[in-house]
Structure formats: structure tokens, C-alpha cells
Amino acid sequence: MRRVTSMLAAALLAGYAGAPAAQADRPSATGAPSLELVRQKQTFTSRLLADSPALARIAASGNAEAARLLERARTRHEGALAALAAGDHAGANALLNEAIAAIGRARQLVPDAAERSSEEHNRYRQLLSGIDSLRASYREHLAHRGRAPQDDASWIALTELVDRAKALAAEQRIGEANRLLLRAESAQLDAFGPLLAGKTIDYTPHFGEPADEFRFELERNRSYGELVPLALAELRPAADARKLVDRYVASGRELERTALRRAADKDYSGALAAIRAATVYLQRALLAAGLAVPREQEN
Amino acid sequence: MARRIPAALALALVAVAAPEWFAAPAAADPNAFNRLLAPASARNPPPTADGIHDPSNAGTAVLQPPRASFEALPRTASGNHVDWDAALEQKRIQPRAAVGDANAQPTVMELNIVREVKGSMPDVVYPHKQHTEWLDCSNCHPAIFVPQKGANQISMAAILLGQKCGVCHGKVAFPVSECRRCHSRNKNAAPAATAAHPGAQR
Amino acid sequence: MNRQSHFRGAWRAAVWLALALITGAVAPAGFGPREARAEYGDVVLNNYSDAAGVRPVVFPHWFHRIRFRCKVCHSDLGFKFTAGGNGINMLKIIDGQYCGACHNGSVAWSVENCDLCHSGKPGTPTLVHESTIQKLAAPPKPAAAR
């Protein structure tokens, strides 16, 4: 019975030890760091200390603080290697943490100008294309209300902001340009407010001419065609499924050609029938590829 | 009786140590009522048991189990099983709109886009309001959606393959299994005051 | 068989089973947690981890969504909407880019806590967990196994 009791006690202890660690606001190690973790951290630290572009930058900058931090990182790293050799994992871990923090600060004191610049340029391009598309939309809304953009105070103010941003960008002052573009985006949203707030816009296409409807259906067919290689790449159907997909796509293409011929002959109702049938084949191709689409006629 | 108590104790030990094993005794039953639908108790598993995190990694046990966070939030039937929009609206969460500034507010735009769909499915209403609480204009415009009538071909197939709405929905925002969240305007409903859009059809 | 020794044997077996189950040494078929799925929206990043001999990164969207709106990372910090498409590596993080913009010891904990991010099962490819394409695709026909 005593043996059983001690087994029970052992089991209880094992149960508690296996319980998940209490949630902490800051992460804390559940005990001493493992050898695996410390080794990985040491590999990472030595990689950092061997990153020659950064080292060259720090050396060339003449920044005393950065040089000092780099030196500290090196000595801590050496200390950590010694601690590891002596089997002191916790000590090595602490020294490596200090080394990583030091070299991180050193690198940030002397940032890579080329990298920063290319990031800022990406951001500039993204913001500019965003604001351009919003302005185009704003212009259309103004036109619909019979207002010329040059008579609209917001449009004028926005144009001025964007032009100033472009000028700054041309002078390579991209950071400032980006800040201006952010202000422009905010101002553009405010300008949209009185025009659009609380409204609903209907994007459903309504066609006056059969030719317009045919163009729409043709575009819809093309977009389904774009989806087929995507489906093949993501779903990777088996060989016999692929053959089926290819057959359906071929049928669809044949019907598309028929549709285009009929459209050229101005037989739009015939063309519409053909292009719609072509799209149905593409939908079947997607189904064969393994895409389970809700079975309803889609827009 | 005296001999059965220790055996019961042993079972109790197992129940304490691994409660989820006792929540799903029907795992092996081929005629289980819901064979493929995970029971509510199996949703939002902790990192050590979620199949992605490595349970042998020390850090995994330090990570917050999602359930602890989600218990205080409004629930839905899919995705994380959390209604993030409701959580935001009810101020149960206060995500920042800027890294360093806890008080920065996003500029929210209240504009709905309606797309009628063929067949009997209700029409789609896209609300800018809920999206601009979270996203910038440049996140979607113009790279994913051109803000112009007739310029965007959207189909369920495209969405399922991760294009258009599917860039987020079905990956990090609620999945498309919740049809009514988008297909929300019934066909026989009187349309709301629609701003007739400039005829920019192509 | 003697009734007493039968019970003692069963009792001993039960306690050993409990011990084994608690310590995770044994997961009997039919019991045990099902191969549970990770949190929806978790992103596994494994562009370089396997080659570097570390566990892949698991990024939890849910945790960050509670604290930041989407635009902060995806507009202000430059994260593209593509898992693995940002070419993030430790050097960039140390330089304060991407994850390092916050995980620097002042906004959030800093990068010394390797295993809080590098916590994925080795070999897991870059993916967004439970994304629709994984779930709504029709199951493969039995004869055509991939």
C-alpha cells in the first residue's frame, strides 16, 4: 500500500509539472534555457558579428557609441562561448542576450541608407498609387454632380499637397514626401465625407447596348480563364482530373472563338449565348480541378 | 468498495491531467452524430495541442492559449470563432491605429457598395465602414480593387482562390462559409437611397 | 484467480496507465487529442528556418489583431499580404524593420526570446493556417490519390 501511495504521489507531481505555465505578462523561461536554444542563439549572434556590410558601415561612420556597443557585443559573445564550454547555459544565455541587444542598437545607430531608401521608395509608390486612384474616383463623383474639379476647394488643396509631395520625391526627400501623402490621403477621405457618407452605390452592371453586355461577359470569361492555372497550382489535381480540366478548357476556348466570330458579325445575342456557355465550361474546369464552388449562377 | 477507490482516483488523475481526452470519447465511433464537425470544446486549442506549434519547444508553453483571450469576446460560428467587428464595436478590444500612439483614430468611411447577384442569392453589400476601421485605403485601392464601377470582376471562384475579397476573407478575416454576412440584402427589399453612379461602364 | 490479487493487479495497472498518460508517454488509439488544427489565421513562415536549423515561425494574427488594426502592419510597417512574401530575416528584424519595429523591448518583448516565435513544428511549409483553399476544395477522388 505504501508503494502505491508513493506512486500516487509521483503521479500527482507529474500531473502538476505537466500543467501549462501560468500566463505571464512578460514571457519568462520555464526553467533554465535548453542547450538547443542557447546553441541556436550563439549561432545567430556569431552571424550578426560576422555581418561584414554592417560592420563596415559602423567602422566607416565614426560613430563612437556604435563602435563601443559593437565591442561590448564581441566581448559578451566571447564570454558566452566560455560559459557554454563550462556548461553554464543560463549564464551563456544572459550574455548572448546582452550581445544581441548591443549589436542591434549599434546597427540601428548606423542604419543602411540604401535599404531605408528603397523601403521609402516602395512606400511612396504605394501611397501615390493609392491617392491617385482615390483622386480619380473623387473627380468622377464631382463630375457626376456637375462640378468641375478646379472649382472644388478640396480638390485644389489636395492637388497642391500631392504636387508638393512629388516635388519632394524628386529631390530625394522621400520620407517627407510620404508624410505629405499620408496627410493627403486623410484629407481626401474627409473630402469624400459630404459626397458619400452614408450612401450606397450600386456597382451592378446595367447594360444599354447588347454590345456592352457582350464585352462584360467576355471580360468575365477571361477572368475565369485566369483562375484555371491558379486552381491547378493551388489544388494540384491528379492526372486524370487534369485531363478533364484541359478538355473543358478547350471546349470553352472553342466557344469563345465562336462568340468572337458572332460578335464580329454583330450577332450579339448569339455571341452572348456562346460566351456564357464558354464560361460554364470554365466553371466545370474549375470544379474538375477540385474547387468546390457554391452551385449558384454567379455574377 | 475500498479497493475501487484507488482505481477511481487513478481515473480522476487522468481526467485532471488530460481533460480533452474525456471530452471526445466518440472519436472512434463511425456513427458519431457529428463526425467531421469539431465539438465546441475542441475549438481554439492551446498552442501545445494545435498541430502547428512544436510542443517540445519550451517557448510554446509560454504562449497564451487563444481560448483564454477569446472567452471575453463575442463569438461566431467560423474562423477564430470570434466576432471581431462586434468586439471592436463593443470596445472589448482597443487595437491601436498607430504603433506608438494609443490614441490615434482611423478615418472611417461610411459608404456601401452593392452588387446584385444572379439567381436567388441575396445581393452583396460591401460596407466600407467595417473595413476602414481596420484598413488603409492603400491596402486595397487600387492593387486589389479599382474604385470604379465595372472595373472589378469578382466571382465566388475568385474569392475561394484567394483573389479580391479572398485576399483576406478565408485567410485571416471570417471565411466565406458565412454567406449572409456579405449576401445581406434580400432581393425583394426596397433598395436604400442609391447614389446613381456616374456612367463609367466599360 | 484470487479476487484480492486480481484487484491489486488491476489497480496497479490503472495507476501506471495514469502515470503514463499524464507524462504523455502513451496516447492509446481512440483516445488522445485529435490532430487539432491551429488557430485560424496563424501564419507559418518557413522561408529560411529549416535551412538554418531552427523551428519555423508561427505568427498569430488573432493576438496581434487585438492590439493593432490591420493597417498598422500592412500599411505603416510595410508587410505585404503574402505569407512568406516579405523576405523577412533576422537581420532585418534586428535592424528594426517588420517584426523588429515593435519587438524591440519597448513596444513589445525583444528578439532574445527566440522560441516564442520559432515555435512551429520543423518542416511545416510556409502557409496560412486553415485558409479556405485548404478547406473548401473538394476532397480528392479515392482512386486518384495524390
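Modeller: Helices here are DSSP runs of H or I with at least four residues, and strands are runs of E with at least two, each numbered from the N terminus. The model is a predicted one. On that basis, chain C contains 7 helices and 3 strands. Followed along the sequence, these elements of chain C are arranged as α-β-α-β-α-α-α-α-β-α.

An open sheet of 3 strands is formed in chain C, with antiparallel pairing and the order 2-1-3. Strand 2 (57–59) and strand 3 (127–128) of chain C are at the edges; each has a single partner strand, so one side of each lacks a neighbour in the sheet. Strand 1 of chain C, residues 43–45, runs antiparallel to strand 2 of chain C and is joined to it by 3 bridges. Within this pairing, Leu45(C) has Val57(C) of strand 2 as its bridge partner. As a general point, side chains in a regular strand alternate between the two faces of the sheet.

Two totals describe chain C as a whole. Chain C has 146 residues, of which 35% count as buried. Of the contacts in chain C between residues at least 6 apart in sequence, 49% join residues at least 24 apart.

Strand pairing also links chain A with chain B. One of the residues involved is Lys199(A), whose bridge partner in strand 1 of chain B is Leu111(B). Strand 1 of chain B is also joined by 4 bridges to strand 2 of chain B (residues 123–127), and these two run antiparallel. In that pairing, Ile113(B) stands opposite Tyr126(B) of strand 2.

Chain B is divided into domain 1 (44–73) and domain 2 (74–188). The C-alpha centres of these two domains of chain B lie 27 Å apart. Their contact takes 4 residues from domain 1 of chain B and 6 residues from domain 2 of chain B. On the side of domain 1 of chain B that touches domain 2 of chain B, the residues divide into 3 nonpolar, 1 polar and no charged.

Chain A is divided into domain 1 (32–109), domain 2 (113–196) and domain 3 (210–289). Between the C-alpha centres of domain 1 and domain 2 of chain A the distance is 44 Å. Confidence in chain A averages a pLDDT of 87, and 88% of the residues score at least 70. Residues 13–26 of chain A, however, have a pLDDT below 50, and this stretch has 20 contacts in the model beyond near neighbours in sequence.

Helix 6 of chain A (residues 113–144) contains Ala136(A). This residue, Ala136(A), has 14 other C-beta atoms within 10 Å and is therefore partly exposed, since that class lies between the limits of 12 or fewer for exposed and 20 or more for buried. Ala136(A) and Thr75(A) are 61 residues apart in sequence, and their C-alpha atoms are 58 Å apart in space. Helix 11 of chain A (residues 268–289) has 22 residues, which at 1.5 Å a residue should span 32 Å; its end C-alpha atoms are 31 Å apart, in agreement. Just after helix 11 of chain A, Gly290(A) adopts a positive phi of about 115°.

Conventions. Residues are numbered from 1 along each chain as its sequence is written. Chains are lettered from A and ligands numbered from 1 in the order in which they are written. This is a predicted model: local features need pLDDT of at least 70, side-chain atom pairs count only at pLDDT 80 or more; totals for chains, interfaces and linings use all residues. Two residues are in contact if their C-beta atoms, placed from the backbone, lie within 7 Å. Two strands pair if DSSP finds at least two bridges between them. Domain bounds come from an automatic or database domain assignment. pLDDT is the predictor's confidence in each residue, from 0 to 100. Ala, Val, Leu, Ile, Met, Phe, Trp, Tyr, Cys and Pro count as nonpolar, Asp, Glu, Lys and Arg as charged, and the others, Gly among them, as polar. The expected span of a helix is 1.5 Å times one less than its number of residues.
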